Amino acid sequence: MHEHDVSGSALAVGWLRAIHLLARPLLGVPPDVLTGCGVLSAAAAVWLASLGGDALWLALAAIVATGIFDGLDGAVALRTGRARPLGAVLDAASDRLTELCFVAVLFVLGAPGAWCAAMAALLLLHEYVRARAQAAGLRGAGAITVAERPTRLVVAAVAVTGAALAPGGTPWTGWPWGTTCAVLGTGLSVIGLAHLWVGVARGLGGRG
């Protein structure tokens, strides 16, 4: 993604600029290695979250690192001319793995399995619909929804932060932070999928 693609969001542009600055000393690292580091950091977040206590802060750091690695692999690939179709496929697959790790973080923080399964299914369906629409000729993302990858990362980060600050559960409900965030993530996923479907329908409406 380039700056002109997100010109309406100063935050997104600032994030991209920061990622490209961080990428400068890493230009000699193969992008696939950075992709793999993102998956490992997401898996580490699950393990650290399961330990509870002060390890939750390390889990938060691992979640943030996952987001950084996710940006770095693409930035390095673009700056070094090493972007390739197979790398894009690997990156997409690693994104889905890390997002499933985010759901697993919610599970180890007390979210019921049913809510975690629903959230996982919806986020995978969200990306499947977009991928199939693009294969069918859709240009662009179809729609930028409330349930994109950054939102999934933020939901996991909120869960571990909340569990670290208020181990007794979320205020008013008393639910474990994993449960609250799984319900929130599932709700956002439903809204996001509906938004994406409308965008896809409009984008492909003239193609029969």
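Q: What makes the backbone oxygen of Asp 95 and the side chain of Thr 98 a polar contact?
A: A polar atom of the Thr 98 side chain sits 2.8 Å from that oxygen. The cut-off for a polar contact is a pair of N or O atoms within 3.5 Å (in protein, one able to donate a hydrogen and the other to accept it, and sequence neighbours count only if both atoms are side-chain atoms). So 2.8 Å is within the limit, and the pair counts.

Q: What kind of model is this, and how are its residues numbered?
A: It's a predicted model, where local features need pLDDT of at least 70 and side-chain atom pairs pLDDT 80 or more, while totals for chains, interfaces and linings use all residues. Numbering starts from 1 along each chain as its sequence is written, and side-chain values use heavy atoms, with hydrogens and water left out.

Q: Where is Thr 98, and is it buried or exposed?
A: Thr 98 belongs to helix H4, residues 85–108 (a helix is a DSSP run of H or I with at least four residues, numbered from the N terminus). Its relative accessibility is 2%, and buried means under 20%, exposed over 50%, partly exposed in between (1.4 Å probe, protein chains only). Thr 98 is therefore buried.

Q: What makes Cys 101 buried or exposed?
A: Cys 101 is also in helix H4, and its relative accessible area is 16%, so it goes down as buried. Cys 101 has Val 46 at 6.4 Å, C-alpha to C-alpha, though 55 residues separate the two in sequence.

Q: How do you know whether H2 and H3 are roughly parallel or antiparallel?
A: Helix H2 (residues 31–51) packs against helix H3 (residues 55–80) at about 165°, with the axes 8 Å apart. Angles under 35 degrees are roughly parallel, over 145 roughly antiparallel, 65 to 115 roughly perpendicular, and the rest oblique. At about 165°, H2 and H3 are therefore roughly antiparallel.

Q: What sorts of residues make up the contact of H2 with H3?
A: The contact of H2 with H3 has 19 nonpolar, 4 polar and 1 charged.

Q: How do you know how many disulfides the structure holds?
A: A disulfide needs two cysteine sulfur atoms within 2.5 Å, and the structure holds 0 of them. Take Cys 116: its closest cysteine sulfur is in Cys 181, 11 Å away, which is too far for a bond.

Q: Are Cys 116 and Cys 181 buried or exposed, and why?
A: Cys 116 has 7% relative accessibility, so it counts as buried. Cys 181 comes in at 2%, so it is buried too.

Q: What makes Trp 172 stand out in its phi angle?
A: Its phi is near 75°, a positive value in a residue other than glycine. Trp 172 lies in the loop between H6 and helix H7 (177–204), and a relative accessible area of 88% is why it counts as exposed.

Q: How do you know whether Ile 19 is buried or exposed?
A: Ile 19, in helix H1 (residues 10–23), has 3% relative accessibility, so it is buried. Leu 72 is 53 residues away along the chain, yet its C-alpha is 6.1 Å from that of Ile 19.

Methods: Axes are lines fitted to C-alpha atoms, for helices over the stretch in contact, and angles run from 0 to 180 degrees between N-to-C directions. Helices (H or I, at least four residues) and strands (E, at least two) are DSSP runs, numbered from the N terminus. Ala, Val, Leu, Ile, Met, Phe, Trp, Tyr, Cys and Pro count as nonpolar, Asp, Glu, Lys and Arg as charged, and the others, Gly among them, as polar.
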